[in-house]
Amino acid sequence: MDFELDDEQRAWLAEVRQFLADNVTPALRAELAEHDLEFQGGELSAFRRKIGERGWFGLNWPREYGGLGLTATHQHLLMSEFEYAGVPGPDLTVTSVAPMIMRHGTERNKQDFLPGIARGEIICAVGYSEPNAGTDLASLKTRAVRDGDDWLITGSKIWNSGAQRCTHEWLCVRTDPDAPRHRGISVIMVPIDTPGIEIHPLYAWSGYRTNETFFCDVRVPATNLIGEANRGWTYITGALDLERGALTNAGDLRRALDDLLALASQPRRDGSVPARDPALRQRLAQAEADVEAAKLMGYEAASLLDSGRIPTVEVSVEKIFTSELRQRIADLAIDLLGPDGLLAHRSAGAPAGGFFERLYRVSPLMRFGGGTNEVLRDVIAQRGRGMPSYGR
């Protein structure tokens, strides 16, 4: 592909940047700084409405589904700019769930869910992992049994991020216990306010909230089944491929490195200036090259999506590279900032408000979110290099 943006793409980039300059207000930043994404408050909700009004949640959807008919490259550029600005843009509901509904859903599925997703009104938590079904997702136990015009769901999900603030669960369930493991799985869209659902918080080392969510005789209409029964494994793996692509935009890496470069020129408490240290300069230069490589990987994946192909291997490579680069940048920041770099996030006197201390704690999450890097290395070996499965 041509890694240079054309005139139309540069104009789009300018439009996105102007939107952010006009709408990322001090009040929005203050709300995000106080609550992150846990609080769906006035400023954040208003910001999401403005995105929806422009049609940007479905910007690369076909027009027949209410989208703008733009490309995956347009979406990638938008998401990178939103990440650089530190504000939420299109989430996994838009980038992963909606494309699977378009590709595999029934006409009723499309009518029921796509318009709300496009307006930013439907937000999904992804209900995959269970206490005994993580990397081996096909061993899941949560069941859905057909009962007249409904599905009756019983089971639990863990690491169910966003359940406390979503409207629906994109829920992976077993609908045929007698079928081979990968063939008896379905996906059902479950409104989170349905009776029988309990959400229990789980907090990671970073302070990030995820959840364990329980489903006790949860009854949802049969029409909420996505596509065909027992074909869910195809929908799940397709959504995961797209999720990895959505997790790997380099906008936040570019912003972190830009901020770190600015801090490198400032004296530390002992009077030393990190940018004058040859070893630190070398590490900063390597990080600069790596961030640029990550940006180009994103362009490649977007280009492949525009060609009609889901780039399973490419986004797996990109996800591994960017998640491990994020950790390297965090490690570099702690070394560069010295003892002050260990001051806790939001504590008085912490460089950049303790951003890099928090990045150090958040970075491990990205190495297993969307599929652990160890499993993805198997995916690359098997699907990208033709190596045999070891039979897991």
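Me: Which residue does E121 meet in a salt bridge?
Reply: In this predicted model, the side chain of E121 meets that of R119 in a salt bridge, at 3.0 Å from N to O.

Me: And how accessible are E121 and R119?
Reply: E121 counts as partly exposed because its relative accessibility is 48%. R119 is likewise partly exposed, at 46%.

Me: Why would such side chains pair at all?
Reply: Side chains of opposite charge can pair when their charged atoms come close.

Me: How many salt bridges does the structure hold?
Reply: The structure holds 21 salt bridges. Among them is the one between R10 and D7, with 2.5 Å from N to O.

Me: Where do R10 and D7 sit relative to each other?
Reply: Both belong to helix α1, residues 7-23. They are 3 residues apart, so about one helical turn separates them.

Me: Are R10 and D7 buried or exposed?
Reply: R10 counts as partly exposed, with 42% relative accessibility. D7 counts as exposed, at 59%; the cut-off for exposed is over 50%.

Me: What about a pair that links distant parts of the chain?
Reply: R219 and D150 are such a pair, and their side chains meet in a salt bridge at 3.3 Å, N to O. R219 lies in strand β7 (residues 209-221) and D150 in strand β3 (residues 150-158), 69 residues apart. R219 is partly exposed, with a relative accessible area of 39%.

Me: Which residues are linked in a network with R219?
Reply: D147 and D150 are linked with R219 in a network of salt bridges.

Me: Changing topic: which domains does the assignment give?
Reply: The domain assignment gives domain 1 (7-90), domain 2 (124-234) and domain 3 (248-385).

Me: How many residues of domain 1 and domain 3 are in contact?
Reply: On the domain 1 side, 15 residues are in contact with 16 residues of domain 3. The area buried between these two domains is about 1200 Å², and carbon and sulfur atoms give 45% of that area.

Me: Which helices supply the domain 1 side?
Reply: α2 (26-35) and α4 (72-85) each supply at least two residues of the side that touches domain 3. The largest share, 9 residues, comes from α4. By type, the residues of that side divide into 7 nonpolar, 5 polar and 3 charged.

Me: Where is Y299 found?
Reply: Y299 is found in helix α9, residues 278-306, and is buried, with a relative accessible area of 10%. The C-alpha atoms of Y299 and L77 are separated by 8.6 Å, although the two residues are 222 residues apart along the chain.

Me: Last one: which residues does L171 touch?
Reply: L171 has its place in strand β4, residues 168-174, and is buried, at 0% relative accessible area. Not counting residues up to four places away in sequence, L171 touches G127, I153, K157, S186, V187, I188, V190 and F215.

Notes. Residues are numbered from 1 along each chain as its sequence is written. This is a predicted model: local features need pLDDT of at least 70, side-chain atom pairs count only at pLDDT 80 or more; totals for chains, interfaces and linings use all residues. Side-chain values use heavy atoms; hydrogens and water are left out. Domain bounds come from an automatic or database domain assignment. Contact means heavy atoms within 4.5 Å. Buried area is the accessible area (1.4 Å probe) that two parts lose on being put together, summed over both. Helices (H or I, at least four residues) and strands (E, at least two) are DSSP runs, numbered from the N terminus. Ala, Val, Leu, Ile, Met, Phe, Trp, Tyr, Cys and Pro count as nonpolar, Asp, Glu, Lys and Arg as charged, and the others, Gly among them, as polar. Buried means under 20% relative accessible area, exposed over 50%, partly exposed in between (1.4 Å probe, protein chains only). A salt bridge is a side-chain nitrogen of Lys or Arg within 4 Å of a carboxyl oxygen of Asp or Glu.
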